[in-house]
Each structure stands twice: as structure tokens, then as C-alpha cells.
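Have the sequence and the model open as you read.

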Amino acid sequence: MSDITTPNIADDSFHVIDEAQLFPTDRPEHKPRILLLYGSLRQRSFSRLMVEEAARILQRLGCETRVFNPSGLPLVDDTDADHPKVQELRDLVMWSEGMVWCSPERHGSMTGIMKTQIDWIPLAPIGGVRPTQGKTLAIMQVEGGSQSFNTVNQLRILGRWMRLITIPNQSSVAKAWDEFDDQDRMKPGPFYNRVVDVMEELAKFTLLTRTQSAYLVDRYSERIESREELSKRVNMPKAVAKD
């Protein structure tokens, strides 16, 4: 190819790769901060038990964890974003450097409770910062019957849509009711081992990317668009239906 010119590129917004930002020498010393979300309000929620087990593993791996309780979280658009539970969730997302999403599979998909939590997390910036962009994500699901991957597949799509670095590994636990003992602890076995694998991978990806996450997701298309224009576009007024 003899012609390597790119006349359609705005040179002032086009940056060559900066290896100093990809491989910074100054790295944070605090523990990786991981937020865990689950998708059921049942008294014995297996998605919650999975998340609690994952949190124990993450703590063993040197992470700081917080689990959000979705009880009392209103439906999206049923109230304003200043609702205390919405603010609690958003504050935790802003605090986090990585997340774990675990949902039961209900009617072949994630639960409404799981989707509601994700829907309350805005794509638009909060204080100039997108809450999820560049952070890591691990996805898991539990089933009451045979193994399925419908929910993790949906969660993976949502993770990409939320601009999260969704790790390759994932966990799907079949017949979850048979994988926990009378003390609500996960039994040893292949399903438990996979959860350990996923949390180990999440911790590694978080450590690898948290310092340079902003640089990793820095986009040419957004550099040629001002922050004010971007905010206006992603916060376009909703269409009002006419009678």
C-alpha cells in the first residue's frame, strides 16, 4: 500500500500510543475496590450466597469488597435519582474499581432486580466521570435446574454496553440449591473451583488496568467532541408521547 495518508483524521485529536501511560511506574497502593451485585430478594437467595462466597475469595486475594443490597431500590423512572437507594448504588459504583454481577436465571434471562440495578447506573458522566467506563467486571449466574449460559451472555452484552472491561472467564452454577450446605456456604467441587478462577482473574485484571483505565478507554471519536456536546448528546430529552 503506497498511500498511507489519512485526510479524514483530525490530527489535533489523533494520538499515537503513549507507552508511559500504558505502563505507568507510579501505581496505587490501596486494595482493589470491588462492588458485588446480586439479583434476588429471596430469604435464601443463591445469587446473594454466591456473591458472599465471591467476596470472601476476593478478600483472600487482597481486595476490598462491598455488597449492595437491592431491597428497596425503586424501579427505574418511578422516582428521581436522588432516592437514597439509588444514591447508595451510584456512590458504590463510583467507589469501585471493579464489579461482580451475579443473577439467577428466570424465564431464560436475568431477573428484573438485576436489570434494575444496572439500569440505575448512568452512562452519562457524574462529575465529569463515567461511573463504569474502564472498570473491570466479572459475571456469574445461578440456575435452579440444568446449566445455562443465557444470563451470563446477557450480562456480558450489558458489560460491554456499560464500557466495562469484562473478563473472559465466567461462572454458571446449575442446581444451585444443591451447591450450598446448611450453613449457606458453597460446597467444594468444580462449581466452587470455577468461582475461585473467576475471582482470581478479576483481581488480576483489576490490578493490571485500574491505573491506566482512563487511558485504555480514551477514544479518538470523543476527543473530537467537546464534553459539553457529549453530555448534551447522551442526555437528550426523552420523547413525550402524545395522546
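Before we get to individual residues, one cut-off: a residue is called buried when its relative accessible area is under 20%, exposed when it is over 50%, and partly exposed in between. Keep in mind that this is a predicted model. The chain has 243 residues, and 42% of them count as buried.

**Overall layout**
- The chain holds nine helices and five strands.
- Reading from the N terminus, the elements go α-β-α-β-α-β-α-β-α-β-α-α-α-α.
- Along the principal axes, the C-alpha atoms fill a box of roughly 65 × 55 × 40 Å.
- Take the contacts between residues at least 6 apart in sequence: 79% of these join residues at least 24 apart.

**Surface and charge**
- Side chains of opposite charge can pair when their charged atoms come close.
- In this model, the count comes to 13 salt bridges.

**Lys 85 and Glu 88: a pair inside one helix**
- These two side chains form a salt bridge, at 3.3 Å from N to O.
- Both sit in helix α3 (residues 84-95), and because they are three residues apart, about one helical turn separates them.
- Lys 85 has 16% relative accessibility, so it counts as buried, while Glu 88 is partly exposed at 33%.

**Arg 130 and Glu 222: a loop and a helix**
- Arg 130 makes a salt bridge with Glu 222, and their closest N and O atoms are 3.5 Å apart.
- Arg 130 is in the loop between α4 (112-119) and β4 (136-142), and Glu 222 is in helix α8 (residues 220-223), so this pair ties together parts 92 residues apart in sequence.
- Arg 130 counts as buried at 13% relative accessibility, and Glu 222 counts as buried at 16%.
- There's a network to look at too: Arg 33, Glu 97 and Arg 210 are joined by salt bridges that share partners.

**Asp 184 and Arg 44: loop to loop**
- The side chains of Asp 184 and Arg 44 meet in a salt bridge at 2.6 Å, N to O.
- Asp 184 lies in the loop between β5 (165-173) and α6 (190-209), and Arg 44 in the loop between β1 (33-38) and α2 (46-60), so the pair links parts that are 140 residues apart in sequence.
- Asp 184 is partly exposed, at 25% relative accessible area, and Arg 44 is partly exposed at 31%.

Conventions. Residues numbered from 1 in each chain as written. Predicted model: local features only at pLDDT ≥ 70, side-chain atom pairs only at ≥ 80, totals over all residues. Heavy atoms only, no water. Salt bridge = Lys/Arg side-chain N within 4 Å of Asp/Glu carboxyl O. Helix = DSSP H or I, 4+ residues; strand = E, 2+ residues; numbered from the N terminus. Buried < 20%, exposed > 50% of the residue type's maximum accessible area, 1.4 Å probe, protein only. Contact = heavy atoms within 4.5 Å.
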